[in-house]
There are 4 protein chains.
Amino acid sequence: MGSTEAQREASSGRRKPKEPTPAAFPPEARAMREQGKRTMQRLRDAAMVAFERRGYHATRVNDIVEIAKTSHGTFYLYFSNKEDLLRALLVEATEETREIDKVLSDAPTGTGRDDLRAWVGAYSSLWMRYAPLLGIWTELTGSDPEVTQLLSDSLRKMTAALAGWIEVNGAPDDVDPSVAAVAVVAMLDRFHQLQTFLGGPVDGGTLDELAAIVQRAVLGSPARPPGTRPAGDRLAEPAPASSAR
Amino acid sequence: MGSTEAQREASSGRRKPKEPTPAAFPPEARAMREQGKRTMQRLRDAAMVAFERRGYHATRVNDIVEIAKTSHGTFYLYFSNKEDLLRALLVEATEETREIDKVLSDAPTGTGRDDLRAWVGAYSSLWMRYAPLLGIWTELTGSDPEVTQLLSDSLRKMTAALAGWIEVNGAPDDVDPSVAAVAVVAMLDRFHQLQTFLGGPVDGGTLDELAAIVQRAVLGSPARPPGTRPAGDRLAEPAPASSAR
Amino acid sequence: MGSTEAQREASSGRRKPKEPTPAAFPPEARAMREQGKRTMQRLRDAAMVAFERRGYHATRVNDIVEIAKTSHGTFYLYFSNKEDLLRALLVEATEETREIDKVLSDAPTGTGRDDLRAWVGAYSSLWMRYAPLLGIWTELTGSDPEVTQLLSDSLRKMTAALAGWIEVNGAPDDVDPSVAAVAVVAMLDRFHQLQTFLGGPVDGGTLDELAAIVQRAVLGSPARPPGTRPAGDRLAEPAPASSAR
Amino acid sequence: MGSTEAQREASSGRRKPKEPTPAAFPPEARAMREQGKRTMQRLRDAAMVAFERRGYHATRVNDIVEIAKTSHGTFYLYFSNKEDLLRALLVEATEETREIDKVLSDAPTGTGRDDLRAWVGAYSSLWMRYAPLLGIWTELTGSDPEVTQLLSDSLRKMTAALAGWIEVNGAPDDVDPSVAAVAVVAMLDRFHQLQTFLGGPVDGGTLDELAAIVQRAVLGSPARPPGTRPAGDRLAEPAPASSAR
DNA sequence: GATGAATGAGATTTCATTCAT
DNA sequence: TATGAATGAAATCTCATTCAT
């Protein structure tokens, strides 16, 4: 019965014939007063809800404005279309990602286990907050080039940071750190989705386990509850990775 | 300001959107001869091609029939819409998943490493074949209960099989096998996507690395090229991992 | 002969026809301003014209919007489809039916003849106005429960009102008033249709005759031109039916 | 969701560009063997069922062949389209109507009451048998001219026969016999429909009442249970109608 | 700033009818 | 005779986007 996903897809490509309105008010450049800001935020929030509920593609501009309790016309006052709004949300999310990357890159060499747990925790927390966006990550790929670029950049930075850390902290010699990094990010990201989908918990304990798995996976040794780090640990550890060879 | 004076009224007109008309031709019960089967298969194949090319959402029924070199009407003779076709393909995919599970469950106890590599390879091959479907898999969840069920079942079976295998082959005691299983499946699934997205290779070597990672992650010891398994294997390598315990 | 060798198989593909997509714009809850109301009314009016011209079934949504001088999309802003619009019109019609019932129920006891003529006239006028709808009324029954209910209710009220009036004004003892009421309504309704179909007139004179027929049918005495009501009328009347024999 | 009644309506007018197939087998002229006749009858029966279930317009050729447990192609072997089949059924029904008319026209002058009851009974029985067709009578009007003609002829004959009978048996002078005839046929026809719709019975007793109503309506005197006809009846009867004035 | 109205391109879907087997 | 396959014309319906108020 006329599903018409068509128009959407199509539209983004086909039906954007007119440049952002000759001049006047390109949504970006609008000077906003208090009320305007509130409205815009309402739209952002509503979008998150809508994306979570129906997925990005299935979400209509109409769904968003309904949730935001505003009107169709208002939407276009702040965003030039759905994709524009998505982009705004993604920018926000990827910026936070940078914070997480710092957890690893700022870590003093060889503080391994705890950093990892912290990183896992940070990522998890981000995921939870942006679940609607991350959950549809895949849908987004192939949307428009700009979004793809955004995702790709963010991902590259993240895996690079992780790969660096792995290298520094001692990777097993049968695994390329950058492959390992991608694998870990993949796991972390998808794990949240699957676990949630299967109805399992994603709590502190689970994150501990996850950290242990990651630890072993990329370094070859188990994580350990905080505080139990044995003396000599730091020395012993990177060793196998480099000397075992 | 306009908003107050425009008294909102529950419109008088309208009601339910009228269901799709009992589907004059429920493709359901169609008797099919050879020719019909061929056409149906052509449509399935065409759909895979189309989904691959432009993604599920952007694909129009029209694209599919064009590739299948048949007419619009014919499509609806075999599937009631694009989603229906997708569902059919997903069923096919999940059925193949069962085959993969056997790789682990049929493995004689303790043959660990090689089975794992075989399993990773099998999954990878499946993923490659059904990539266009697996990407959207998740977003269908929620919109279509039938698909949700399908996915959920398949996933549960898969993780159960893996968890069993982990248990038998010796899981580290700091990780619940079923959590580990979810993590591994998550990693495997998403890795393909990310790696592809980032433009990296997913070849035999990559799969070897992946297997090694998984091996260490869930068992605590590295995978190794077949036949090279040395006596005393476990002691040498993960030493930190095992001795630390 | 072909039939045997062609083994019938329950097709594998396909399933439910997928519901209409939660109706992005359920015209339901639309807030309407003056302009909107006018447009909606224009559509209603146009529909009546179109239905009259070509009949409900042969009428395309397109015909309606053309008459209303508006666009396709606009139609769906106010009604979810042709049937929905029809329903709205029917509601209107049944509401007017209530008015007609009052002619009888408000009548002081025993004012018989004139009330009857008035009622016949009122019904006729209603019929004329809604002819295009009334013709299809019945065939909607069964396909649409809501319409069925509407019709059923309206009909029941109408026959109840008439039956009550018959009882009060003296029914012959060989006929159940409620059967008589159904018969009269049936006659009135169908008469217009047949008469029109046969090309005969339905004017004041015809209605006089109709009223006379009804009068005799349910009370047993002829109607009479207004003003000629003889004294003792009320007594004399039921009499012929029972005692005149 | 694409109700597409369009095609049907339209089709009858638009999509019949090709003459009944150059020569070969105009469905009418087919010499049929036993099997063929059976199939054709199955199709007729199925059509009655289908029309009853969904109404004529809503019935798809597909519905019919499904009920008849035959194939699409076969249908067109016997009928050139749905309308053709309808016509065939109507011809059958209207022919029987002629029989009913005879009940009145063959009646010796002045045998009034019993003839009327017989006629009512005959009509009722016919209605019951052809309910699916008669119930959709209205839908049919305006279908194609041929069908309209068929209905119109039949109706005219029927009312003519009745009008003649009324005249002979003594109509009240305030009612034109032909108007009365239309009214009576209208009532009879619609009564069955409404009564059935409202869940009321249409049995012998009901028919007695109906006959009584008709009797009074057009002749001005009540019907009477058979056998109770008082002497002098015939004389007394038309009297009240004329003298009452 | 905000809003409801309007538009129309374009996708989806139905189903009568023809045909090859 | 009978049948399933195929076709395509023509409807239906959705939704992003613009506009006047």
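The expected span of a helix is 1.5 Å times one less than its number of residues. By that rule the 21 residues of helix H7 (residues 177–197) of chain C should span 30 Å, and the end C-alpha atoms are 30 Å apart, so the two values agree. This is a predicted model. Chain A has 12 helices and zero strands. Chain A is superposed on chain B by a rotation of 179 degrees with 0.2 Å of shift along the axis. That is the relation of a two-fold axis.

**Chain A: fold and domains**

- Along the sequence, chain A reads α-α-α-α-α-α-α-α-α-α-α-α.
- Chain A holds 245 residues, and 38% of them count as buried.
- Take the contacts in chain A between residues at least 6 apart in sequence: 63% of these join residues at least 24 apart.
- Eight residues of domain 1 of chain A are in contact with nine residues of domain 2 of chain A.
- On the domain 1 side of that contact in chain A, four residues are nonpolar, two are polar and two are charged.

**Chains A and B: symmetry and interface**

- The superposition of chain A on chain B has an RMSD of 1.1 Å.
- Both copies use the same surface: 78% of the contact residues of chain A recur in chain B.
- In the interface, 51 residues of chain A are in contact with 48 residues of chain B.
- Five helices of chain A give two or more residues each to the side that touches chain B: H1 (5–14), H7 (137–140), H8 (145–169), H9 (177–197) and H10 (204–219).
- H9(A) gives the most to that side, with 14 residues.
- By class, the side of chain A that touches chain B has 26 nonpolar, 13 polar and 12 charged residues.

**Helix H9 of chain A**

- The 21 residues of H9(A) should span 30 Å at 1.5 Å a residue, and the end C-alpha atoms of H9(A) are 30 Å apart, which agrees.
- H9(A) bends by about 30 degrees at A:Phe191.
- Of the 21 residues of H9(A), 17 are buried, so this helix is largely enclosed by the rest of the structure.
- A:Gly199 follows H9(A) and has a positive phi, near 85 degrees.

**Helix H7 of chain C**

- H7(C) has a kink of about 30 degrees, centred on C:Phe191.
- H7(C) is mostly covered, with 17 of its 21 residues buried.
- After H7(C) comes C:Gly199, with a positive phi near 85 degrees.

**Helix H10 of chain D**

- Helix H10 (residues 204–219) of chain D has 16 residues, which should span 22 Å at 1.5 Å a residue; its end C-alpha atoms are 22 Å apart, in agreement.
- The buried residues in H10(D) include D:Thr206, D:Leu210, D:Gln215, D:Arg216 and D:Leu219.
- Also among the buried residues of H10(D) are D:Ala211, D:Ala212, D:Ile213 and D:Val214.
- D:Gly220 follows H10(D), and its phi is positive, near 95 degrees.

**Lys69 in chains C and D**

- Most residues other than glycine have a negative phi.
- C:Lys69 has a positive phi, near 50 degrees.
- C:Lys69 sits in the loop between helix H2 (61–67) and helix H3 (72–78) of chain C.
- C:Lys69 counts as exposed because it has 8 C-beta neighbours inside 10 Å, where the cut-off for exposed is 12 or fewer.
- Phi of D:Lys69 is positive too, near 50 degrees.
- The loop that holds D:Lys69 lies between helix H3 (61–67) and helix H4 (72–78) of chain D.
- D:Lys69 has 9 C-beta neighbours inside 10 Å, so it counts as exposed.

**Met158 of chain B**

- B:Met158 belongs to helix H6 (residues 145–169) of chain B.
- B:Met158 is buried because 23 other C-beta atoms lie within 10 Å, and the cut-off for buried is 20 or more.
- Neighbours within four places in sequence aside, B:Met158 is in contact with B:Thr97, B:Asp101 and B:Val185.
- B:Met158 and B:Leu198 are 40 residues apart in sequence, and their C-alpha atoms are 27 Å apart in space.

How values were computed: Residues are numbered from 1 along each chain as its sequence is written. Chains are lettered from A and ligands numbered from 1 in the order in which they are written. This is a predicted model: local features need pLDDT of at least 70, side-chain atom pairs count only at pLDDT 80 or more; totals for chains, interfaces and linings use all residues. Copies are superposed by least squares on the C-alpha atoms of residues with pLDDT of at least 70 in both. Two residues are in contact if their C-beta atoms, placed from the backbone, lie within 7 Å. Helices (H or I, at least four residues) and strands (E, at least two) are DSSP runs, numbered from the N terminus. Ala, Val, Leu, Ile, Met, Phe, Trp, Tyr, Cys and Pro count as nonpolar, Asp, Glu, Lys and Arg as charged, and the others, Gly among them, as polar. The bend at a residue is the angle between axes fitted to the seven residues ending there and the seven starting there.
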